[in-house]
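Please keep the sequence and the structure in view while reading.

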Amino acid sequence: MSSKYKGYFVVGTDTGVGKTLVSTGLLHHFANKGYRAVGMKPVASGAVFNSGAWQNDDVTALREASNVDVPIALNNPYLLREPTAPHIAAATEGIQIKVNHIQHCYRALQKYADSVIVEGIGGFLVPLNENVHMGHLVTILELPVILVVGIRLGCINHTLLTTEAISARGISMVGWIANIVDAEMRQIDATINCLKKRIQSPMLGYIPWLSSSKATNVAQFIRLP
């Protein structure tokens, strides 16, 4: 593995908080610095049949933002059709999500790229099967975490619970990114200042509400240590 290797696991306080947006922004960030960067979505739920294949928007976005072309089965080991919790969608389709297979795909991606950005699904503790949740996968892949906080009503509680769960498992959290997902939310600055005071890891970025955002534009809002 290259000495300049950079890998991160992007987790969120909930679903719909901007994990894909941040992940694609990170991929462009590293690509702009000359890294071979590739994205991974270990488990994706919610797919449409298009051009002869089942496709997921998050996976498509990650592949488009990557500057390394790899088999889609490595980018996304498990594609589930129903847009629901992954363990429920998998059970519906008779699929068993196996963490060792995800780990194998991740190790394969490391051979292709200097930087692998892994995007989680849902929140930090969403179940993947009856015995394993997303937090277990983060631990197994031994990646530092970047937490995406969707700034909306209720995000303070969600964020503090998530950071406690990350810390309790001894996982390194390099920082967090505030993403404005509710343009009409009141007291945005006060909310972010509240989180700054209570989260030990640094704030790595502030993404304003964007009506139509592109990953190349989002990269400018991210500041990695």
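The model is predicted. Two pairs of helices are described, α1 with α2 and α5 with α6. The largest nonpolar core holds 50 residues, and a second, separate core holds 23.

**Helices α1 and α2**

- Helix α1 covers residues 19–32 and helix α2 covers residues 57–65; their axes come within 9 Å and cross at roughly 10 degrees.
- Angles under 35 degrees count as roughly parallel, and α1 is therefore roughly parallel to α2.
- On the α1 side, the contact is made by Thr20, Ser23, Thr24, Leu27 and His28, while α2 supplies Asp58, Ala61, Leu62 and Ala65.
- By class, the residues of this contact are four nonpolar, four polar and one charged.

**Helices α5 and α6**

- Helix α5 spans residues 99–112 and helix α6 spans residues 134–141; the two axes come within 11 Å, with a crossing angle of roughly 45 degrees.
- The helices α5 and α6 are therefore oblique to each other.
- The crossing of α5 past α6 is right-handed.
- From α5, the residues Val99, Ile102, Gln103, Tyr106 and Arg107 meet Leu137, Ile140 and Leu141 of α6.
- Six nonpolar residues, one polar residue and one charged residue make up the contact of α5 with α6.

**Nonpolar cores**

- Within the largest nonpolar core, of 50 residues, those with the most contacts are Phe9, Ile151 and Trp176.
- Helix α5 gives the most to this core, contributing six residues.
- The second, separate core has 23 residues, including Leu21, Val22, Ala37 and Leu204.
- When neighbours within four places in sequence are left aside, the contacts of Trp176 include Leu147, Val149, Ile192, Leu195 and Met203.
- Leu204 is also among the residues in contact with Trp176, and Leu204 belongs to the second core.

**A buried residue in a helix**

- Asn75 lies in helix α3, which covers residues 72–75.
- Buried means under 20% relative accessible area; Asn75 is therefore buried, with a value of 4%.
- Apart from neighbours within four places in sequence, Asn75 is in contact with Val38, Gly39, Met40, Lys41, Pro42, Arg63 and Val70.

- Val48 is part of strand β4, which covers residues 48–50.
- Beyond its neighbours within four places in sequence, Val48 is in contact with Ala53, Trp54 and Gln55.
- The C-alpha atoms of Val48 and Leu80 are separated by 10.0 Å, and these residues are 32 residues apart along the chain.
- Ser51 is located in the loop between β4 and β5, the latter covering 53–55.
- The phi angle of Ser51 is near 55 degrees, a positive value in a residue other than glycine.
- Exposed means over 50% relative accessible area; Ser51, at 70%, therefore counts as exposed.

**Two further loop residues**

- Glu142 sits in the loop between α6 and β8, where β8 covers 145–151.
- Although Glu142 is not a glycine, its phi is positive, at about 55 degrees.
- With a relative accessibility of 64%, Glu142 counts as exposed.
- Gly170 is placed in the loop between α7 (155–168) and β9 (173–180).
- Gly170 is exposed, and its relative accessible area is 67%.
- A distance of 8.5 Å separates the C-alpha atoms of Gly170 and Thr139, which are 31 residues apart along the chain.

Terms used. Residues numbered from 1 in each chain as written. Predicted model: local features only at pLDDT ≥ 70, side-chain atom pairs only at ≥ 80, totals over all residues. Heavy atoms only, no water. Axes fitted to C-alpha atoms, helices over the stretch in contact; angles between N-to-C directions. Helix = DSSP H or I, 4+ residues; strand = E, 2+ residues; numbered from the N terminus. Parallel < 35°, antiparallel > 145°, perpendicular 65-115°, else oblique. Left-handed = near helix turned anticlockwise from the far one by under 90°. Contact = heavy atoms within 4.5 Å. Nonpolar A, V, L, I, M, F, W, Y, C, P; charged D, E, K, R; others polar. Core = buried A, V, L, I, M, F, W, Y, C linked by side-chain atoms within 4.5 Å. Buried < 20%, exposed > 50% of the residue type's maximum accessible area, 1.4 Å probe, protein only.
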